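Let's take a walk through this one together. Keep the viewer open and turn the model as you read.

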Amino acid sequence: MSTSGQPQFRYTQTPSKVLHLRNLPWECAEEELIELCKPFGKIVNTKSNVGANRNQAFVEFADLNQAISMVSYYASSSEPAQVRGKTVYIQYSNRHEIVNNKSPGDVPGNVLLVTIEGVEAGDVSIDVIHLVFSAFGFVHKIATFEKAAGFQALIQFSDAETASAARNALNERSIPRYLLPEHVNSCHLRISYSAHTDLNIKFQSHRSRDYTNPYLPVNPTAIDGIAQPALGPDGKRKEPESNVLLASIDNMQYAVTVDVLHTVFSAFGTVQKIAIFEKNGQTQALIQYPDISTAAVAREALEGHCIYDGGYCKLHLSYSRHTDLNVKAYSDKSRDYTIPDASLLAAQPVSGLPGAPAAWQNPQAGPIYPGNDFTAGGAAPPHYPGGQMAPWDPTMQAGRTSYGSVASTYPGQPFAASVPAYATAPLTPTGQIPTTVTSMGFSPTVPTNVRPGDASPRGQHTYYGQ
């Protein structure tokens, strides 16, 4: 039994000259395995750094009895097998030989996979990487990216020999201190071979370069990537600024609408666009200002503050990578204030407009019923715009002026050329007043040929003013 209480060996498996070792230290070297196993016989093959955590290995002895000897020794010993002070668990492998000793990362190739430990993306520029590795030969292409293992780079050389020379010289070494930002104390290079042979670089940028194709399109970030990241007063890397703020809203006890955000953020300058969305179960918003300085003032003033009293709707602000939002001009989740409102709101239902009586009368309009020539106060007979005829009047008596023809699609029907065709639109609901937006607010308008209660005579269609 091991000191940890877990059995070191499994006796249910058939003995094999290949042993399976578990719980090895991170990046256990082949030399360390040989040092542990060589007292029991000749080692003919090893395979190290296997498994998801790279803490397992296989060791193949020249003879089956040598493998049995090692298992038997540590099974009866009071001291477990150890590597760098860690207890190693040993068992027979279900394989009888190690077919491939080398993992893909050990097969020499012309492309290197470099993991730069101790830094974040942006701490080491692509130009520094090129400077370090070009000392061993012509570097064709470089691509940098972030993975779970950390900040990594693929570096393509002309041939495997040049790549091997760079790997042998730089693996487990550090980039010179004078090439690093001040806040980075040290960084180590962990280098293996990549299965790639020719990298596909689509454009020159601060994350990728193709030194063989001078005609490749250049991303503007390629220029920005040359400079080291800016540092704040505390020596830490400063967040890149932008004219667009990303707001995360915590403790959402009240609704936060586009209008609410506009009221809050417009106190610091002109807000151009707003977009609200949900991400990972949290309400977030993008607020666009015309320039970075205005966004910086708003961020400094509002960070950590709450929209409502009592700690509700707390704002956490950061700079977005966006510079110009592409949003719907007018919706409940987005707004573009750079587009004139009048053309947008004319077709939108206007909220907040108080209802009006269904029988609202325009004092300047003529009488509703054209059959009555005398209005209160002696008003003049009604006039209808654009040559429009008066609506049908069921009280018309014989001898009165008959109806004139209006524009129609039926052939042979006479009509005046100046009379426009009537639009077919749904009835205006009772109590609703059509509105138009003016520069001073909302003003109601009502067609002059609408009957009281919006009802039409039986058997007749409603006509609408243009």
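Which residues form one aromatic cluster? They are Phe40, Tyr73 and Tyr74. Before going further, keep in mind that this is a predicted model, in which local features need pLDDT of at least 70, side-chain atom pairs count only at pLDDT 80 or more, and totals for chains, interfaces and linings use all residues. Residues are numbered from 1 along each chain as its sequence is written, and side-chain values use heavy atoms, with hydrogens and water left out.

Back to the rings. The structure holds 5 aromatic pairs, where a pair means rings of Phe, Tyr and Trp (its six-membered ring) with centres within 6.5 Å. A pair of aromatic rings is described by the distance of the centres and the angle of the planes. For phenylalanine 40 and tyrosine 73, the centres are 5.5 Å apart and the planes sit at 50 degrees, so this pair is tilted (planes under 30 degrees apart count as stacked, over 60 as edge-to-face and the rest as tilted). The two partners come from distant parts of the chain, 33 residues apart: phenylalanine 40 is in the loop between H1 and S2, and tyrosine 73 is in helix H2. Those labels are DSSP runs numbered from the N terminus, with helices (H or I) of at least four residues and strands (E) of at least two. Phenylalanine 40 is buried, at 16% relative accessible area, while tyrosine 73 is partly exposed at 45%. Here buried means under 20% relative accessible area, exposed over 50%, and partly exposed in between (1.4 Å probe, protein chains only).

Now step back to helix H1, residues 30-37. Its buried residues are Leu33, Leu36 and Cys37. They span an arc of only 85 degrees around the axis, which puts them on the same side of H1; the arc is taken from the directions from the helix axis to the C-beta atoms. These residues pack against strand S1 (18-22), strand S2 (43-50), strand S3 (56-61), helix H2 (64-76) and strand S4 (82-83), with contact meaning heavy atoms within 4.5 Å.

Cysteine 37 is buried, at 0% relative accessibility. Cysteine 306 is in no disulfide either, as the nearest cysteine sulfur, that of cysteine 313, is 8.1 Å away. With 33% relative accessibility, cysteine 306 is partly exposed.

What about the nonpolar interior? A nonpolar core is a set of buried Ala, Val, Leu, Ile, Met, Phe, Trp, Tyr and Cys residues joined through side-chain atoms within 4.5 Å. The largest one has 28 residues, and those with the most contacts inside it are Leu112, Ile116, Val124, Ile129, Phe133 and Ile175. At least two residues each come from S7, H3, S8, strand S9 (150-157), helix H4 (160-170) and S10, and H3 gives the most, with 5 residues. Apart from this core lies another, of 21 residues, among them Leu19, Phe40, Ile43 and Val88.

Have a look, too, at glycine 118, in the loop between strand S7 (111-117) and helix H3 (126-133). Glycine 118 counts as exposed, at 64% relative accessibility. Serine 186 is 68 residues from glycine 118 in sequence, but their C-alpha atoms are 6.7 Å apart in space.

Finally, the charges. There are 8 salt bridges in the structure, each a side-chain nitrogen of Lys or Arg within 4 Å of a carboxyl oxygen of Asp or Glu. One joins lysine 38 and glutamate 35, at 3.3 Å from N to O. Another pairs arginine 207 with glutamate 146, whose closest N and O atoms are 3.9 Å apart. This pair links parts 61 residues apart: arginine 207 is in the loop between strand S10 (188-193) and strand S11 (208-210), glutamate 146 in strand S8 (residues 139-147). Arginine 335 and aspartate 259 also meet, at 3.4 Å from N to O. Arginine 335 is in strand S17 (residues 334-336) and aspartate 259 in helix H6 (residues 258-265), so the bridge ties together parts 76 residues apart in sequence. Arginine 335 is buried, at 12% relative accessibility, whereas aspartate 259 is partly exposed, at 46%.

Terms used:
Disulfide = S-S within 2.5 Å.
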